[in-house]
Amino acid sequence: MILGISVGEIPPQHHAVDGEKKRKNALSPNLTTCDVSFPRPDLSVYCCPPKPESEEPFIDFHFPDPSSPLRLRRPVHLADGDYIAKYIKAVAIMKSLPYDDPRSFRRQGDRHCIYCTGAYKQKYSDLPLNVHRSWLFFPWHRMMIYFHERILGSLIGDDNFALLFWNWDNPAGMMIPEMFMNGPLVDGDREISHFPPKFVDLNYDLLVEGRGNDEQLKMNMATMYTQMVSGAKTTELFMGCSYKAGEGGGCDGPGTVENAPHNTIHDWVGSGLNEGRENMGSFYSAARDPIFYAHHGNLDRMWEVWRRIHGDRPYNSDIIDPDWLDSYFFFHDEKRQLVRIRIRDVLNITNLRYAYEEVPLPWLTARPQPSVPPKIARELLKLRDLDEPFLRSADFGPHGRTLDTTIRVKVHRPKMHNKISKKQKDYFQEEEVLVVYGIELKEEKYVKFDVYVNAVDETLMVGPVFREFAGTFVNIPHSVRPVMRRKSNLKLGISELLQDLEADEDESIWVSLIPRGEDCMHVSIDGVRIEYMH
């Protein structure tokens with residue numbers, strides 16, 4: 001079976017340059033200048049092309065011939081020997097190309113560095129452009145691996161060549177794939193202790209090691225369920241915040257899956273011997289590891305899966321904001337031609353002539369259970385009210401609170417909402433959203449904290465395996481430029497969670513923010529609140 005979903009297709013358009021003025025809030029890069037990147041204070045890297053791309057003529061993207069065969073992307077663990085040999089040959093050729101060839105492997109990796117560290121500024125602005133932590137994340141990376149795939153195929157003369165995806169959401173694919181442990185697909189900067197037969201940790205936090213694969217499997221299934229199903233029931237929760245051009249258009253609010261398993265796997269693969277867990281653990285170097293493309297192949301597949309499993313919800317139609325649809329970026333194709341491609345061009349993978357092989361989704365039925373029966377938890381939480389009568393406000397004030405230890409706070413749900421009957425809530429398909437707002441990093445470091453609701457015993461909350469787990473925040477360092485720093489917001493859908501905890505009719509809930517690692521001492525948070533999304 002094949003996964004290739006046509007939902008809410010937006011017709012592609014190729015506007016003339018004069019039309020750009022009508023979309024001043026659509027994002028695009030200024031190709032005339034490219035700056036040195038600073039992934040951390042003690043490190044500068046230069047990812048820019050040998051000559052400014054503004055000096056190259058570009059063409060607008062055109063779809064492949066609709067009569068051409070679909071390129072079928074398969075899971076890595078099901079690849080046969082002939083395909084693996086073909087893939088190894090293509091990557092070996094790509095790695096042999098000189099740096100001034102934009103098809104070369106290093107130039108492919110540096111394109112990710114440019115767009116992820118603020119090396120390019122926005123067009124018509126001095127603000128840096130960043131394709132992470134917003135609604136740009138999924139479409140930009142789809143563009144990147146699309147062109148990467150086309151180039152690999154052309155280097156071996158195979159127009160039907162397709163990338164593989166690392167099927168880390170399936171037990172059969174949870175180890176680093178064997179083919180990436182050999183030849184040109186090897187990367188010397190990986191965490192050796194995570195080599196096969198170790199299962200990947202989709203909620204990796206740098207702290208907990210030594211789980212057996214059976215226990216890790218349960219953790220991974222629960223992570224996928226929370227991040228893909230219960231915590232991501234609206235478009236914004238999954239895709240991230242609305243990032244637009246200009247001073248007033250910036251935002252920092254990644255979607256659920258970008259936090260985990262995207263960020264967590266990057267860090268899990270990267271080497272703990274390197275300060276920034278290079279290669280995969282730092283955005284400037286991540287695409288130097290060939291496994292990057294298999295990782296993002298599965299993330300691209302997750303976008304399609306999410307559209308399928310949530311497509312019946314009325315507020316989950318595709319984004320129709322023209323500022324998003326008309327945002328554009330530049331990539332080189334297999335002919336070394338610079339191509340301008342817009343987000344609206346990549347919303348239907350059938351038009352791009354590729355599809356994903358259908359594989360099982362075991363996590364769809366991995367709905368976590370409460371750690372304590374809800375009725376018992378309710379009584380224990382009442383005792384907490386007596387023990388802690390003078391609660392701090394859920395708004396932590398102008399200076400926020402430092403996350404150097406667990407923060408526990410009682411959050412009141414808006415009273416007007418509590419008067420709405422369950423029948424009305426179901427009719428309007430309203431999602432209750434927990435917002436941790438004003439997350440500020442004093443230093444650009446890897447930071448992770450988990451969020452729990454009505455956790456009776458926080459010492460038991462070691463991961464997503466219990467229903468009290470609402471989600472996670474994960475920061476991978478990308479740039480120390482002061483202008484790149486912006487307070488972040490974490491939004492997590494909790495309607496289903498509250499039903500399972502039998503707290504959906506309560507006037508308030510307890511929220512625990514649990515730091516995972518000592519670097520959380522460099523984090524402050526402004527507060528916690530509840531919002532509703534239609």
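A word on labels before you click: helices (H or I, at least four residues) and strands (E, at least two) are DSSP runs, numbered from the N terminus. Keep in mind that this is a predicted model, where local features need pLDDT of at least 70, side-chain atom pairs count only at pLDDT 80 or more, and totals for chains, interfaces and linings use all residues. Residues are numbered from 1 along each chain as its sequence is written, and side-chain values use heavy atoms, with hydrogens and water left out.

**Stop one: cis peptide bonds**

Select Ala260 and Pro261. The bond joining them is cis, with omega near 15°. Pro261 has its place in helix H6, which covers residues 256–269.

Now go to Glu278 and Asn279. Here, too, you'll find a cis peptide bond, with omega near 5°. Zoom out a bit and you'll see Asn279 in the loop between H6 and helix H7 (291–309).

**Stop two: positive phi without glycine**

Jump to Arg336, in the loop between strand S9 (328–332) and strand S10 (338–342). Its phi is near 70°, a positive value in a residue other than glycine.

Next, pick Arg353, in the loop between S10 and strand S11 (354–357). Arg353 isn't a glycine either, yet its phi is positive, at about 65°.

Before colouring by accessibility, here are the cut-offs: buried is under 20% relative accessible area, exposed is over 50%, and partly exposed is in between (1.4 Å probe, protein chains only). So which class does Arg336 fall into? Arg336 counts as partly exposed because its relative accessibility is 48%. Arg353 has 12% relative accessibility, so Arg353 counts as buried.
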